[in-house]
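Please have the structure open as you read.

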Amino acid sequence: MNESGKKISYTTGQFASKAHVTVRTIRFYDQKGLLTPSCRTESGARLYTESDFARLQQILLFKYLGFTLDEIRELTVASGDPSSLLDSLNIQKKLISEKIDEMRSVESAIDRTTSAIRKSSHIDWQGMMDLIHLTSMEQSMQSQYTSSANISARIRLHRDYSVNPEGWFRWIYRTAGIEDIGKNSSQPQILELGCGSGSLWAENIEHLPDRTTIILSDISKGMLKDARLAVNRSYQKNIEALSTPRQFRYKKINCEKIPLPDNSCDCVIGDHLLFYLSRPDGIKNALTEIRRVLKEDGIFIASTYGRDHMKEITKLVHDFNPEITLSQYNLYDRFGLENGEEILSYYFDSVDTFLYPDHIEISEAEPLIAYILSCHGNQNSLLLNHYREFRDFIRKKVKNGIHITKSAGIFIARK
């Protein structure tokens, strides 16, 4: 409105000039139902207001961010729902990151192919394809473990749509009795291997063991940075409830070679860790190291899942494209609920199993899509150019709600 309180109106030309776009663009958005003018003159000429200008700014922003016109229509209609908007933006960011990674992979493959041709007059096509495959795998692994973004997408699905009100990390903390660990020790110390986003501690900060040094470790500096931020943020929120200070340390550690003295830890934690150790003897080396650093009465807490875990999600993606795999391997075959107790029994005197009672009920597509895109299989390369079709497929499947099985738990092994 102007100083007299009268609503300001703009002709199509004035409106286009104000937004730094063409008149043709304004008329196109009107034809597509994205930007209908608030009013018209008696002769039918379009007139736009400041509220129309705000809507145009939204459209132009979403267009720049890579959304289609149909998606922009949905986003502007739902612009009052921050949660829905954040879901869409996070998924779009994931897709853009995948495209960037794909281009980097292609660039690296070109460099390797060029180098191979220069070194030999004979062109080994199979060798070049092996190089390209290796490059793609390297890029995939780097994107998975640079930060906690992928882990956060998976955690969010469980946190927001699981039926068990006691979340996974609080359940582990209570079931394993972590709050009481080290009470009989003069210098209690807990080591978490593969701490990821630090959620185990951020969500249980008010129940930390007294006088305890807690070492959060991971192979990724990006993960450690995210974990430190999450723990510090939670610590500051609960500082008045904490009677004594706790010491957190953050270290980059390979769990197959732990840089700590023998008998130095009251507890070692590996939350969804062991099944990622793909090297020959990786699990054996890690468990040998874990036993070495544990005190004589120390415990090892290892979580994992079983073969039925999230099986409905696997079926969903297979129904869309049977070639999609959400993991390069069946990780539970390496270390799962079905074989974990037997594996741990070779290294520890006793092993107890505790199952987490829970499942997921969800009728929203975006969190489920974000979870699928965060997995470490081949789904992103196969979905990258079919995302819109895949999104519509998932929306249709979950519209009336779906049940997702969870098969997860922990082993508590005692030295």
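Predicted model: local features only at pLDDT ≥ 70, side-chain atom pairs only at ≥ 80, totals over all residues.

Residues are numbered from 1 along each chain as its sequence is written, and side-chain values use heavy atoms, with hydrogens and water left out.

**The whole protein**

The secondary structure comes to 17 helices and 12 strands; helices (H or I, at least four residues) and strands (E, at least two) are DSSP runs, numbered from the N terminus. Of the 415 residues, 46% count as buried, where buried means under 20% relative accessible area, exposed over 50%, and partly exposed in between (1.4 Å probe, protein chains only). The protein exposes about 22,100 Å², and carbon and sulfur atoms supply 51% of this area. Accessible areas come from the Shrake-Rupley method with a 1.4 Å probe, and for residues only the protein chains shown count as cover. Taking contacts (heavy atoms within 4.5 Å) between residues at least 6 apart in sequence, 78% join residues at least 24 apart.

**Nonpolar cores**

In soluble globular proteins, nonpolar side chains tend to be buried together. A nonpolar core here is a set of buried Ala, Val, Leu, Ile, Met, Phe, Trp, Tyr and Cys residues joined through side-chain atoms within 4.5 Å. The largest one has 64 residues, and I178, W201, L287 and F300 touch the most other members. Beyond its neighbours within four places in sequence, F300 is in contact with residues including V268, L287, L344, F348 and F411. Apart from this core lies another, of 26 residues, among them I324, Y387, F393 and V398.

| Residue | Relative accessibility |
|---|---|
| I410 | 0% |
| T213 | 15% |
| I181 | 10% |

I410 sits in strand β12 (residues 408–414). Its C-alpha atom is separated by 7.5 Å from that of I172, although I410 and I172 are 238 residues apart along the chain. Leaving aside neighbours within four places in sequence, the contacts of I410 include W168, W171, I172, I301 and F354.

T213 belongs to strand β5 (residues 213–218). Not counting residues up to four places away in sequence, T213 touches P188, Q189, I190, Q247 and R249.

I181 is found in the loop between α8 (168–176) and β4 (189–193). The C-alpha atoms of I181 and L208 are separated by 9.6 Å, with the two residues 27 apart along the chain.

Helix α3 has 15 residues and reaches 21 Å from its first C-alpha to its last, close to the 21 Å expected at 1.5 Å a residue; the expected span is 1.5 Å times one less than the number of residues. Its buried residues are D52, F53, L56, I59 and F62. Y64 also lies in α3 (residues 50–64), but Y64 counts as exposed because its relative accessibility is 72%. Just after the helix, G66 takes a positive phi of about 100°.

Which residues form a nonpolar patch on the surface? They are L61, Y64 and L65, with about 350 Å² of accessible area together. Patches are made of residues with over 30% relative accessible area and no salt bridge, where like charges are joined within 9 Å and nonpolar side chains (Val, Leu, Ile, Met, Phe, Trp, Tyr) within 5 Å. A salt bridge is a side-chain nitrogen of Lys or Arg within 4 Å of a carboxyl oxygen of Asp or Glu.
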